[in-house]
There are 2 protein chains.
Amino acid sequence: MSDSDNKPEKAIVLLSGGLDSATVLAIANERFDCHALSFDYAQRSLSEINAAQRLADKFSASFQLIHIDEGVMAGSALTDDSIAVPEDAVDEGDIPVTYVPARNTLFLSHALAVAEVMSSQDIFIGVNAVDYSGYPDCRPEFIRAYEDMANLATRAGVEGKRLRIHTPLIDKSKAEIIRMGDALGVDYGLTVSCYQANAEGEACGHCDSCLLRQKGFEEVGVSDPTRYF
Amino acid sequence: MSDSDNKPEKAIVLLSGGLDSATVLAIANERFDCHALSFDYAQRSLSEINAAQRLADKFSASFQLIHIDEGVMAGSALTDDSIAVPEDAVDEGDIPVTYVPARNTLFLSHALAVAEVMSSQDIFIGVNAVDYSGYPDCRPEFIRAYEDMANLATRAGVEGKRLRIHTPLIDKSKAEIIRMGDALGVDYGLTVSCYQANAEGEACGHCDSCLLRQKGFEEVGVSDPTRYF
């Protein structure tokens, strides 16, 4: 009996290869047959895609890499080499320079199409409104509005089936997320959080994402398996 | 003085190369400096992309072709060769087989990212709730929900600027659309409406889209410049 026979319902899981989305995959995997989506959007760190592939394999999830044209999400420190990634202080600006235009909207919209094609009504995304409060598309009100829109946009809504956007981490601290993932057997050594990780997946240790991750592991009191360059 | 100096505000116009979106471009061009977006999503008729490029040139709009991965919007008669395009009777089913999963959501989401990158607050789309009432993503309630979501998703909403989704054709008949476009100088000979047009942009004359177009031109009482194969 295969894994998918035990879990007849399929879920689409947005998987960046970072700590948060790895934890979300572990959570979704408890109940659903998971299909993981990763994106190549000409981001600075492409090693996260390799991390995502390894995580999907680990949880026996099917894996799909989707390309988004270069330039569509320009103007962020994560997609434009001329804008430096801030280091050694968590960016407390209104909207951090690492914000990527309409990224979660585009990721969710691809997930919505794939969900419709696969007859899935469940999409998981690892947004977090605690550590990423400056990103407009990580806020609970955005997710609620997206879900409402999605149910009007597609066949599911017309046919009276409710499509759900699951955000199991939205109100969790990094430490809580690590504890949840640990309990579900996530190997955080496979994940890449750094905004400017090198090709081998080694982290800088200085960007917002590295700092938030380090703080989380310190709070939990376990050692972070991150490799640094 | 260039055209864009006269119209300081930029609009993003979704341009399929068909009759409706050509009319929308003409309408948007009255007030805005237009940037046209077309999509290659492995659709049956790729000649519409050439039509879109010619229409953009005609209205001095900048033109961007965006690729969406094959398979993301599968399962429609327009994206799957194994599903026939219905002929010689307008599909009155609940949701026509030519419905493409989450298409307008994906198109609008790319437009949203591009609008944010270009500091535009205005997106135009040629949806029509009269002739395409079976497409969930052509309904006014979908567009309103999308606009609400878009304003939560992006920088514009956080900074108190309202992003607008313009749908100038949403309640218009095909005949009314043709009259509007005629008055604005649209050369309908450049447009391709057919769901299965050949590489030269010649139409079948039998699909829903051809039938609705023919009916529109008959009502207006002018001859349709469409070339048939």
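This is a predicted model: local features need pLDDT of at least 70, side-chain atom pairs count only at pLDDT 80 or more; totals for chains, interfaces and linings use all residues.
## Two copies, one two-fold

Residues are numbered from 1 along each chain as its sequence is written, while chains are lettered from A and ligands numbered from 1 in the order in which they are written.

**Where the copies meet.** Chain A puts 36 residues into the contact, and chain B puts in 36 residues. Here two residues are in contact if their C-beta atoms, placed from the backbone, lie within 7 Å.

| Element of chain A | Residues |
|---|---|
| Strand 3 | residues 62-67 |
| Helix 4 | residues 103-117 |
| Helix 5 | residues 140-153 |
| Helix 6 | residues 155-158 |

Helix 4 of chain A gives the most, with 10 residues. Because 100% of the interface residues of chain A are also interface residues in chain B, the copies meet through the same surface.

**Inside chain A.** There are eight helices and five strands, and along the sequence they run α-β-α-β-α-β-α-β-α-α-β-α-α. Helices (H or I, at least four residues) and strands (E, at least two) are DSSP runs, numbered from the N terminus. The C-alpha trace spans about 50 × 40 × 30 Å along its principal axes. The radius of gyration of chain A is 17 Å, which agrees with the value near 17 Å for a compact globule of 229 residues; it is taken over C-alpha atoms, and the globule rule is 2.2 Å times the number of residues to the power 0.38.

Of the 229 residues in chain A, 51% count as buried, that is, with 20 or more other C-beta atoms within 10 Å of their own, those atoms being placed from the backbone. Take contacts in chain A between residues at least 6 apart in sequence: 68% of them join residues at least 24 apart.

**One helix pair.** Helix 7 (residues 174-183) and helix 8 (residues 208-220) of chain A pack at about 65 degrees, axes 8 Å apart. Among the residues making this contact are A:Ile177 and A:Ile178 of helix 7 and A:Leu212 and A:Phe217 of helix 8.

Technical notes
A residue is buried if 20 or more other C-beta atoms lie within 10 Å of its own, exposed if 12 or fewer, and partly exposed in between; C-beta atoms are placed from the backbone. Axes are lines fitted to C-alpha atoms, for helices over the stretch in contact, and angles run from 0 to 180 degrees between N-to-C directions.
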